[in-house]
Amino acid sequence: MSIRFFSQRIGIHARIMSAAVILICATVLTLGYFGVTLINGFLTQRFNQRIHFMTQYLALNSELGILIDEQTLLKGLAANMLKEDDIRGVEIQDRGGRILVNEVRQIKGPFDTVERKVFLSSTESSPPWITGLSGNSDHEYIGLVRVTYSIQGIEDLMREMTRRFVATALVLTILAGMIFYFISRSLVSPVISLAETARKISMGNRTIRAQSGTTPEIAKLADAFNEMLDSLARGRKTLIQAHEKMTRQETLAEVGKFSMMIAHEVKNPLGIIKSALEMLKTDLNIPRDNIPLNYAEEEIVRLNTLIESFLIFSKPARPKFEQTDLNRMVEQVIMGFEIQHGTDQLEIVSDIPAAPFTAKADFDLLSRGIGNIIKNACEANKQTGKVAVTVQIRGNKWILRVRDQGPGIKAADKKHIFEPFFTTKAKGTGLGLAFADQVVKAHGGSITTEDAEGRGACFVITLFSGRLEQQIEAMEENGRFTDR
C-alpha cells in the first residue's frame, strides 16, 4: 500500500527524469565497461607481445655467447635489455643449467617471467667448428634465457584510464541530466496545463478550451481534447432528441404488438376464405383456368405468406443449439431447394468440402435462413443461369458464399439490404434477407455482401465453431427470442 501511495505521489516529470538518469548511467557504464575491458586486453596483449619479442631477440643473440662461454658478451646483451623501463632482471643459462649471466635491478612490482630456449642454428655456409663446439646436431637446445619484467606500468595505465573514464562519465551524466531536465520540463508543462483545464471544466466552466502545445504530439492531444469537449457540447444538445427518439421507438414497439394481434386476426379469416373458394370451385364446377378466381387465390396465398413472414420475423423462436455439420446442412438445403423449385433453366453449382465442420447450431432456423439467401439468388437470376454455392473453412471459421448472375445490388441499397420490409422486387415482402440476417447473428456470425466477379451479387455468411454462448445469453437477456 505504501509503495502504491509513493508511486502516486511521484509526478510524470520526476519519473521521466529518473528513467532518463537510469538509462544514461546504465548506457555509459555498460559502454565504458566493455570499452575499458577491450582496451585493457588490447594494451596487455601488445605489452606482452613486446616483452616476448625482446626475449626472443635476446635468445637469438645469445647463441654465440653460450657456445663460446663468453660471459662478457652475454652481460652486454643483458645490460641492453635492462635499459627497458619494465625489465627487472635477465638470466642466461647454458644447457646444463649453469647460470652464465644474472643481472637484476630494483623496480616496482608485481612481476612476471618469460623464458625462451636457445637452440643451435646452422646453415649450409656454417663452418664445421660451430657444431663441434657443442657436440650437437642442427637445431639442438644449448641454453635458456629468462626475463623478469614488471606489470606495474600497464596496471597504472589501466587505473588512470579507469579514473578518467569515471570522471568523464560523471560529467556526461550530469550534462545529459541537465539537458533532459529542461527538455522533459517543456514536455510536461503542457500536460499539467491540460490537467488544469480539465479541472476547471469539471467545476462547471464548459466554455474553456485547452491551449495548443509546443510540440506536434501535445498539439494533437490538445486538439483531441477540444474536439471531445465540442462533441460533449453537441451531445448535450441532442440529448433531448435522443430521448424523444427512444419514446418513439417504445411507441413503435407497442404498435408492433398491436400489428401482431391484427396479423393473427387476419390470418384465420384468410384461411376460411381460401377454403371457401376451394369449395365454390368444386360445387360450381368453376374451371381451373378461371382468371379472376386464380388471381384471388394468388393474392390470398401472397397475403398469407406475408403475414407468416411478418410473424416469424417479429417474434422469432429461441434457437435450440445442437452439434450440427454445417457442410451437410447446406447440401440438404440445396437438395431440397432443387426438388421443390428447380427448373431446367436454373442450375445450382455447389463446392462444399467433404470433411465435416461441426458447430452448435439450430438446424431448422439456420436452414431456413440460408434457404432464403439461395432463394433470393434464384429470384435474382429469374430462375435461369447458375447460382454458385461455395464453402471455405479457415481454422474455426466457416464461410459460405452464394453468388448469382442477376443485376447486382446498387451501392445505395447495400446499407438497407438487411432492413425489414426493404425490397426491390414488385412482389417481395422484404423480410427474407432480414430473417436470414437475424438467424445468422443469433448464431454468433455475420452476413455481408460483396461484389461478384462479372455481374450479380454475392452474399457471404461467416460462422464459427464454439463461440455462441455469450452472444445467445445476451440476446436472451434482451428478449430477442421466445420459446418455440
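Me: Which backbone oxygen lies 3.3 Å from a polar atom of the T324 side chain?
Reply: That is the backbone oxygen of A361. Please bear in mind that this is a predicted model.

Me: Where is T324, and is it buried or exposed?
Reply: T324 belongs to strand 5, which covers residues 322-325. Its relative accessible area is 8%, under the 20% limit, so T324 counts as buried.

Me: What else does T324 touch, leaving aside neighbours within four places in sequence?
Reply: Besides A361, T324 is in contact with F357, T358, A359 and F363.

Me: F363 opens helix 10, I see. How does the span of that helix compare with expectation?
Reply: Helix 10 runs over residues 363-380 and has 18 residues.

Me: What happens at the two ends of helix 10?
Reply: At the start, a side-chain oxygen of D362 comes within 3.1 Å of the backbone nitrogen of D364. Just after the helix, K382 has a positive phi of about 60 degrees.

Me: Which residues of helix 10 are buried?
Reply: They are L365, L366, S367, G369, I370, G371, I373, I374, N376, A377 and C378. For C378, the relative accessibility is 0%, so it counts as buried.

Me: On cysteines, then: how many disulfides are there in the whole structure?
Reply: The search finds zero. A disulfide would be a covalent bond between the sulfur atoms of two cysteines.

Me: And C458, buried or exposed?
Reply: C458 is buried, with a relative accessible area of 0%.

Me: Changing topic: how many aromatic pairs does the structure hold?
Reply: It holds two. In one of them, the ring centres of F119 and Y141 are 6.3 Å apart and the planes meet at 70 degrees, so the pair is edge-to-face; the angle has to be over 60 degrees for that label. The pair links distant parts of the chain, with F119 in strand 3 (residues 111-119) and Y141 in strand 4 (residues 141-150), 22 residues apart.

Me: What are the relative accessible areas of those two residues?
Reply: F119 has 42% and is partly exposed. Y141 is also partly exposed, at 24%.

Me: Now helix 11. How many of its residues are buried?
Reply: Helix 11 spans residues 432-442 and is mostly covered, with nine of its 11 residues buried. Among them are L433, A434, F435 and D437. The helix is followed by G444, which has a positive phi near 75 degrees.

Me: Where does H416 sit relative to that helix?
Reply: H416 is in the loop between strand 9 (397-403) and helix 11. From H416 to A434 there are 18 residues in sequence and 9.7 Å in space, C-alpha to C-alpha. With a relative accessible area of 25%, H416 is partly exposed.

Me: Finally, what are the overall figures for the chain?
Reply: The chain has 12 helices and 11 strands, and 31% of its 484 residues count as buried. Its accessible surface is about 30800 Å², with 58% of that belonging to carbon and sulfur atoms. Among contacts with a separation of 6 or more, 71% join residues 24 or more positions apart.

Notes:
Residues numbered from 1 in each chain as written. Predicted model: local features only at pLDDT ≥ 70, side-chain atom pairs only at ≥ 80, totals over all residues. Heavy atoms only, no water. Helix = DSSP H or I, 4+ residues; strand = E, 2+ residues; numbered from the N terminus. Buried < 20%, exposed > 50% of the residue type's maximum accessible area, 1.4 Å probe, protein only. Polar contact = N/O pair within 3.5 Å; in protein donor to acceptor, adjacent residues only side chain to side chain. Contact = heavy atoms within 4.5 Å. Areas by Shrake-Rupley, 256 points an atom, 1.4 Å probe, with all protein chains shown as cover. Expected span 1.5 Å × (residues − 1). Disulfide = S-S within 2.5 Å. Phe/Tyr/Trp six-rings, centres within 6.5 Å; stacked < 30°, edge-to-face > 60°.
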